[in-house]
Amino acid sequence: MRQFVAFSKVLLLPLCLGIGQVAVYAQSSPSVTPPPQATDPFFLTRAKNLARQAAERQNGGLRLYRAEAAMYGPAIDAPSQQNSDGSVTFTFKGGSPGFVTPTVETIATVTPQGLVSLQYNGPLRSVALAKVKPTPLSNSRANTTP
C-alpha cells in the first residue's frame, strides 16, 4: 500500500505544481485567432479520423474499402498538409480490405470546425494518367532503309 501511495505522489505532484501544463497561446491582437493546433493538441488526430471516415463512407464502408495504414496510425505519420486557414488536407490511398496495391486515391480537407470536403476520390491519378497512351513519335532512322 505504501508503494502505491508513493507512486501516486510521484505521478500527481507534477500536476498539482503545474509542471507539464500545456502552454497558453498568446495573442498580439484580438483579431488574430490561434491556429487550431495551438488551442487543440488533438486537432490533427481528429482531422485524420474525419478524413479517413469520409473516404470510408464514400467508398462503400469498411466492408468494401480500407485506407492505407498511415491513416490508422499516429496522426503525425498521416500524409497531410497544413493550410494557411487552419485546415488540414490529407492525400491518401486505399483499396479493398487486405489490398496490396491501392486502387483509390482520396484528397480530403478538414476545417478546424470539423467539416470535411472531398476534393478527389477516385482511381489513382498516376494510374488514370498512365491509361492515356501517348502517340508514338515517328523516328526518322527507323523508317529509313540502309
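Author: A salt bridge here is a side-chain nitrogen of Lys or Arg within 4 Å of a carboxyl oxygen of Asp or Glu. The model is predicted.

Reader: What makes E105 and R125 a salt bridge?

Author: Their side chains meet at 2.8 Å, N to O. The cut-off is 4 Å, so the pair qualifies. The pair links distant parts of the chain, with E105 in strand β4 and R125 in helix α4 (residues 125-130), 20 residues apart.

Reader: Why is E105 called buried?

Author: E105 has 7% relative accessibility. Buried means under 20%, so the term applies.

Reader: Why does R125 count as partly exposed?

Author: The relative accessible area of R125 is 36%.

Reader: What makes R52 and E56 a salt bridge?

Author: Their closest N and O atoms are 3.2 Å apart. The limit is 4 Å, so this pair counts too. Both residues lie in helix α3 (residues 43-58), 4 residues apart, about one turn of the helix. R52 and E56 are both buried. The count of salt bridges comes to 2.

Reader: How do you know that strand β4 is largely enclosed?

Author: 7 of its 7 residues (104-110) are buried, so the rest of the structure largely encloses the strand. V104, T106, A108 and V110 point one way from β4, and E105, I107 and T109 the other.

Reader: How do you know that β4 pairs with β3 and with β5?

Author: Pairing takes at least two bridges, so the counts decide. Strand β3 (residues 88-95) is joined to β4 by 7 bridges, antiparallel. β4 is joined to β5 (residues 116-123) by 7 bridges, also antiparallel. V88 stands opposite V110, and I107 has Y120 in β5 as its bridge partner.

Notes. Residues numbered from 1 in each chain as written. Predicted model: local features only at pLDDT ≥ 70, side-chain atom pairs only at ≥ 80, totals over all residues. Heavy atoms only, no water. Buried < 20%, exposed > 50% of the residue type's maximum accessible area, 1.4 Å probe, protein only. Helix = DSSP H or I, 4+ residues; strand = E, 2+ residues; numbered from the N terminus.
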